[in-house]
Amino acid sequence: MISSKRIFNILFLIVVSILITACASEPENTSEGNAEGDTTGEEGGDLVIAKVSDAVSLDPNGSNDIPSYDVQRNIFETLVKQDEEMELVPGLATEWENVEDNVWEFKLREGITFHDGSPFNAEVAKANIERIIDPDVGSSQSAMFEMITNIEVVDEYTIAIETEYPFAPLPAHLAHPVSGMVSLEVVEEDYEAMENGEAPGSVINSNPIGTGYFLFDEWKTGEYVRLVKNEDYWDGTALLDSVTFKVVSEDLTRIAELNTGDSHISTPLSPSDVAQVESTDGVSVNQQSSVSYAYIGFNMEKEPFDDQRVRQAVSMAVEKEQIIDGIYDGYGALANGPIPPDLQGHDENVKDLEYDVEKAKELLAEAGYEDGFSTTIWTNDDRERVDTATNVQAQLAEIGVDAEVEVLEWGAYLEKTANGEHDMFVLGWVTGTGDADYSVYPLFHSDSVGSPGNRTFTEDDELDNLIVEARQMTDENKRMDLYSQIQEKLVDIAPTININFQEYLMAVRDEVKGLSQLPTQYLQLKDVYIE
């Protein structure tokens, strides 16, 4: 027996065939609103990705957020890359070696050109890395390379990087998007613009030129960024003709666009929407384990959160399982600190502060807040973060804390929390290097206060010393022990309420083929096509 759905499909195909025959001489509809993609072959198409937030910057040194990196990683390439297992693999460098305790040598690919036709070589790599640590540029991620003391061009395709101390994670750091290689000509133009009073990155942000498999086409701020295929890519061209990162802030609107075909991918997908997507024909859920840590941070420079007892009390008043089960629908694992389970350095034996309302009240009373206090919880307009803030608001009321939830636009949220204008905030951190150093140094070292990542304004000498010792330790067993000590110390200091290690969810139309996602959340788009 033939189903009614199949009969409909047959009739639909007949009608379409008649229309195609009748209109063969009519011009093709090429309006920008047509997001259905190229259906004339197995490869190609115009992919539309609906995202909750716009990019902040297209300059690798101009931002430190996933929406920006999602776009940048398709334009720029790094010397080192990561695969799906978070193992380091060759990028623009073919091999690397720790030739001396404090010296790393990188052999670079030959014959690579940028989108503007200029060559990639050792001089270009040197200039890009030096730009990251240039205080005049003010990269938010300069601390990742603060140990570099000298970069030497050994020959046209070899550089030697000297560090102040042995630093095993250097290749992993060079896999981070901040290390994306930009055309030297554009870098020099950017420096000239700085001399004329322009902001660092202004030229690169408007004219991002890399070596990647996509070229920058257009950025309509607040609406979309569009990239097109690089026909001259050195390692085989991408299959897609273009990819558009479209800003659709409302979750339900993103799902609606999937159903109509106006978008092909919706990311992130709220756990509460998984059932709806799974019951929809032609759309499926993509699930990926991650190196992402979700937390609520305190501004330790502000009263009352400058008091350790208050921070511990507030953390103990929040039942985290309630958030994971009720808001994340069980996706992800309870976090006991910032280092995800898939990374070396995670210690599952570290015990976080336990849920204990009565103990929380006692600590508040000891700190002089027997009657509680008023505060604010900031978040951006991510649904899970808003729901988390609202849930915590209700839980804190039980210990007399009156918390007002405020939702900010993404760019303003990052800027204001970097400036320390907040009380409490809901955020996440992705260990983009795959090394535990990047789980703790940017988030909690005093040199990383503000935009580099330390939005809790944690400044603790003992913690600083442990973090520095761990990043300098060459003995792997001793290094792992130091990270255990760091996690124990963070439980005591309590700069954050640890929520969960997230699982990434996104909704994808069935005609999208070849898509994968790294544990860092970055989408792999080179082999994607629309069937």
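Trainee: How many residues in the lining of the second largest pocket are nonpolar, polar and charged?

Mentor: Rolling a probe the size of a water molecule over the atoms shows where empty space is left. Here the lining divides into 10 nonpolar, nine polar and eight charged residues (nonpolar: Ala, Val, Leu, Ile, Met, Phe, Trp, Tyr, Cys and Pro; charged: Asp, Glu, Lys and Arg; polar: the others, Gly among them). This is a predicted model, in which local features need pLDDT of at least 70 and side-chain atom pairs 80 or more, while totals for chains, interfaces and linings use all residues. Residues are numbered from 1 along each chain as its sequence is written, and side-chain values use heavy atoms, without hydrogens and water.

Trainee: Which residues lie nearest the centre of this pocket?

Mentor: Of its 27 lining residues, these are R73, K81, Q82, Y213 and Q524. Strand β2 gives the most to the lining, with three residues.

Trainee: Which residues have the most contacts inside the largest nonpolar core?

Mentor: Nonpolar side chains tend to be buried together in soluble globular proteins. In this core of 103 residues, L47, L79, F106, F120 and L525 have the most contacts. Helix α16 (residues 476–493) is the largest contributor, with six residues. Another core, of 34 residues, lies apart from it and includes A317 and V426.

Trainee: Is E511 buried or exposed?

Mentor: E511 counts as buried because its relative accessibility is 16% (buried is under 20%, exposed over 50%, with a 1.4 Å probe and protein chains only). E511 lies in the loop between β17 (496–509) and β18 (512–513). Beyond neighbours within four places in sequence, E511 is in contact (heavy atoms within 4.5 Å) with H264, Y529, I530 and E531.

Note on methods
Helices (H or I, at least four residues) and strands (E, at least two) are DSSP runs, numbered from the N terminus. A nonpolar core is a set of buried Ala, Val, Leu, Ile, Met, Phe, Trp, Tyr and Cys residues joined through side-chain atoms within 4.5 Å. On a 1 Å grid over the protein atoms alone, a cavity is a set of points where a 1.4 Å probe fits but cannot get out, and a pocket is an open set with protein on both sides within 12 Å along at least five of seven lines; lining residues have an atom within 4 Å of a point.
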